[in-house]
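Please look through the sequence and the structure shown here before reading the briefing that follows. The notes are grouped by topic, so that each can be followed on the model itself.

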Amino acid sequence: QIKPDYQDAHNNLGNALKEQGDLDSAILSFQKALKIKPDFEKAHNNLGNALKEKGDLNSAIDSYQNAIKIQPDYQDAHNNLGNALQEKGDLNSAIDSYQNAIKLNPYYQEAHYNLGLCYKSINLLDEAIESFSNVLQIEPQNISAHLLLGNIYTKLKDFKGAKYYYQKGHKLDPN
């Protein structure tokens with residue numbers, strides 16, 4: 001109310017509304033921020049997140065691509081674009097997006113994890129093993145990565161490898 005043209009306030013309000021589950025209002029808030037500042041890469045990324053959560057993958061992809069056009073080294077936008085592309089079924093493009101995020105930040109654990117999931121879904125198991133192993137180098141306590149590696153090694157009938165990762169996961173969380 002004090003400063004209606006303050007794009008950061010509209011962006012932050014959009015994030016709060018999204019957290020409350022009010023996606024339509026969040027989208028409107030992000031769009032207000034972008035009307036004020038069309039090159040606001042964070043608002044494009046956040047709009048993409050809200051659109052993706054609402055199920056509008058094509059518009060979400062457009063929003064992430066806009067964020068990347070404005071700031072090509074925006075690693076979160078690359079990762080989020082990968083998530084939307086993966087959900088849409090465009091796995092090769094998703095892989096490219098995750099790899100771009102990792103090129104920008106080799107320690108980006110979430111992008112390695114998402115890349116591993118994508119590889120696993122198309123049965124590129126050696127690549128998935130490498131991705132989940134990278135996750136564990138960054139975050140050794142990642143239970144999901146241990147269990148996914150156990151699953152992959154089971155699928156490869158490498159039961160010794162599977163047992164190793166299952167035991168590591170169980171040690172981290174006995175439940």
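F132 counts as buried, because its relative accessibility is 0%, and buried means under 20% relative accessible area. This value, like the others in the briefing, comes from a predicted model. The ring of F132 pairs with the ring of Y113, and with their centres 5.6 Å apart and their planes at 70 degrees, the pair is edge-to-face.

**Aromatic pairs**

- The structure holds three aromatic pairs, and the pair of Y113 and F132 is edge-to-face because planes over 60 degrees apart are counted in that way.
- Y113 belongs to helix α7, which covers residues 109-121, while F132 belongs to helix α8, which covers residues 125-138, so the pair ties together parts that are 19 residues apart in sequence.
- Y113 has a relative accessibility of 19% and therefore counts as buried, since the cut-off for buried is under 20%.
- Y153 and Y165 also form an aromatic pair, and this one is stacked, with 5.7 Å from centre to centre and 5 degrees between the planes.
- Y153 is buried, with a relative accessible area of 16%, and Y165 is buried with a relative accessible area of 16%.
- Which residues do ring pairs link into a cluster? The cluster consists of Y153, Y164 and Y165.

**The chain as a whole**

- The chain has 10 helices and zero strands, and when it is read along the sequence its pattern is α-α-α-α-α-α-α-α-α-α.
- Taken along the principal axes, the box filled by the C-alpha atoms of the chain is roughly 65 × 35 × 25 Å.
- Of the 175 residues in the chain, 43% are buried.
- If we consider contacts in the chain between residues at least 6 apart in sequence, 43% of them join residues at least 24 apart.
- The accessible surface of the chain comes to about 9900 Å², and carbon and sulfur atoms account for 48% of this surface.
- The chain carries 18 positive and 22 negative side chains, and the centres of these two sets lie 4 Å apart.

**Helix α3 and what covers it**

- Helix α3, which covers residues 41-54, has 14 residues and reaches 20 Å from its first C-alpha to its last, close to the 20 Å expected at 1.5 Å a residue.
- The buried residues in α3 are E41, A43, H44, N45, N46, L47, G48, A50 and L51.
- What covers the buried residues of α3 includes α1 (7-19), α2, α4 (57-70) and α5 (75-88).
- Just after α3 comes G55, a residue that takes a positive phi of about 100 degrees.

**Positive phi in residues other than glycine**

- As background, most residues other than glycine have a negative phi.
- N123 is not a glycine, and yet it has a positive phi of about 65 degrees; its place is in the loop between α7 and α8.
- N123 is partly exposed, because its relative accessible area of 45% falls between the cut-offs of 20% for buried and 50% for exposed.
- K157, which is also a residue other than glycine, has a positive phi near 60 degrees, and K157 lies in the loop between α9 and α10.
- Is K157 buried or exposed? At 65% relative accessibility, K157 counts as exposed, because exposed means over 50%.

**Distances between residues along the chain**

- K35 lies in helix α2, which covers residues 23-36, and with a relative accessibility of 75% K35 counts as exposed.
- K35 and N80 are 45 residues apart along the chain, and their C-alpha atoms are separated by 22 Å.
- N58 lies in helix α4 and is partly exposed, with a relative accessible area of 45%.
- What distance separates the C-alpha atoms of N58 and A84? These two residues are 26 residues apart along the chain, and their C-alpha atoms are separated by 8.3 Å.

Terms used: Residues are numbered from 1 along each chain as its sequence is written. This is a predicted model: local features need pLDDT of at least 70, side-chain atom pairs count only at pLDDT 80 or more; totals for chains, interfaces and linings use all residues. Side-chain values use heavy atoms; hydrogens and water are left out. Rings of Phe, Tyr and Trp (its six-membered ring) pair if their centres lie within 6.5 Å; planes under 30 degrees apart count as stacked, over 60 as edge-to-face and the rest as tilted. Helices (H or I, at least four residues) and strands (E, at least two) are DSSP runs, numbered from the N terminus. Buried means under 20% relative accessible area, exposed over 50%, partly exposed in between (1.4 Å probe, protein chains only). Contact means heavy atoms within 4.5 Å. Accessible areas come from the Shrake-Rupley method with a 1.4 Å probe; for residues, only the protein chains shown count as cover. Lys and Arg count as positive and Asp and Glu as negative; His and the chain ends are not counted. The place of a charge is taken as NZ of Lys, CZ of Arg, CG of Asp or CD of Glu. The expected span of a helix is 1.5 Å times one less than its number of residues.
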